[in-house]
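Here are a few notes from my look through this one, with the structure open alongside. Have a look and see whether you read it the way I do.

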Amino acid sequence: MRTIPLPAQGWRFLTATWLLLLLATMLSPALAQSRMERSGVTLYWGLVPAAVVADKHALAELHGGPPKGGVQVHHLVVALYDSASGRRIEDAVVRAQLSEAGIVDEPAKYLLPMKVNDQASYGQVFGVAKDGPYRFRLWVRLPSRTDEIEFRFDAWSPHRAER
């Protein structure tokens, strides 16, 4: 059998399709998910209710446990790729800060390395008090670079229809 190599653009398409299918099968359709590209890094992110993650992982053991207080808990999942080659980035340091209108911002949290279907990803739990929109600032530091790459995106609560 002969192997036909795919160009980087083909790999990016297959990877993106795989990630979207993964998120679609793992999560409900109402969840926020998106793709962004900056400075040679492609970011895929998803915001899911922690209850979805709790079906597969104990929240008490996941990223230090859920936030305290009467807040809704969501899990931010991030996958990073080298935009040129389409290769998954497994050795980054990732931080994210959540902002909600009218609430003082908490310090940024590190997104810990994790495996999703044996693929390198990064994740962290965040407690939210309102329906949204939530504004995330996310910083990625690669071992080969001295600067951080900043991404900004907005998300809505997957629970907002239930209130």
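1. Start on the outside. Val93, Tyr110 and Leu112 make up a nonpolar surface patch, and together they have about 270 Å² of accessible area. Keep in mind that this is a predicted model.

2. Val93 belongs to strand E4, which covers residues 93-100.

3. Now for the covered part. Strand E6, residues 119-128, is mostly hidden, with nine of its ten residues buried. On one pairing, E6 runs antiparallel to strand E3 (residues 72-82) over seven bridges. Leu76 sits opposite Gln124 of E6.

4. E6 also pairs with strand E5 (residues 109-116), again antiparallel, through five bridges. Here Met114 faces Ser121 of E6. E5 and E6 form a hairpin with two residues between them, and Asn117 in that turn has a positive phi of about 50°.

5. What does its side chain lie beside? A polar atom of the Gln124 side chain is 2.7 Å from the backbone oxygen of Tyr110. Tyr110 is also one of the residues in the surface patch from my opening point.

Conventions. Residues numbered from 1 in each chain as written. Predicted model: local features only at pLDDT ≥ 70, side-chain atom pairs only at ≥ 80, totals over all residues. Heavy atoms only, no water. Patch = residues over 30% accessible without salt bridge, like charges linked within 9 Å, V, L, I, M, F, W, Y side chains within 5 Å. Areas by Shrake-Rupley, 256 points an atom, 1.4 Å probe, with all protein chains shown as cover. Salt bridge = Lys/Arg side-chain N within 4 Å of Asp/Glu carboxyl O. Helix = DSSP H or I, 4+ residues; strand = E, 2+ residues; numbered from the N terminus. Buried < 20%, exposed > 50% of the residue type's maximum accessible area, 1.4 Å probe, protein only. Pairing = 2+ DSSP bridges. Polar contact = N/O pair within 3.5 Å; in protein donor to acceptor, adjacent residues only side chain to side chain.
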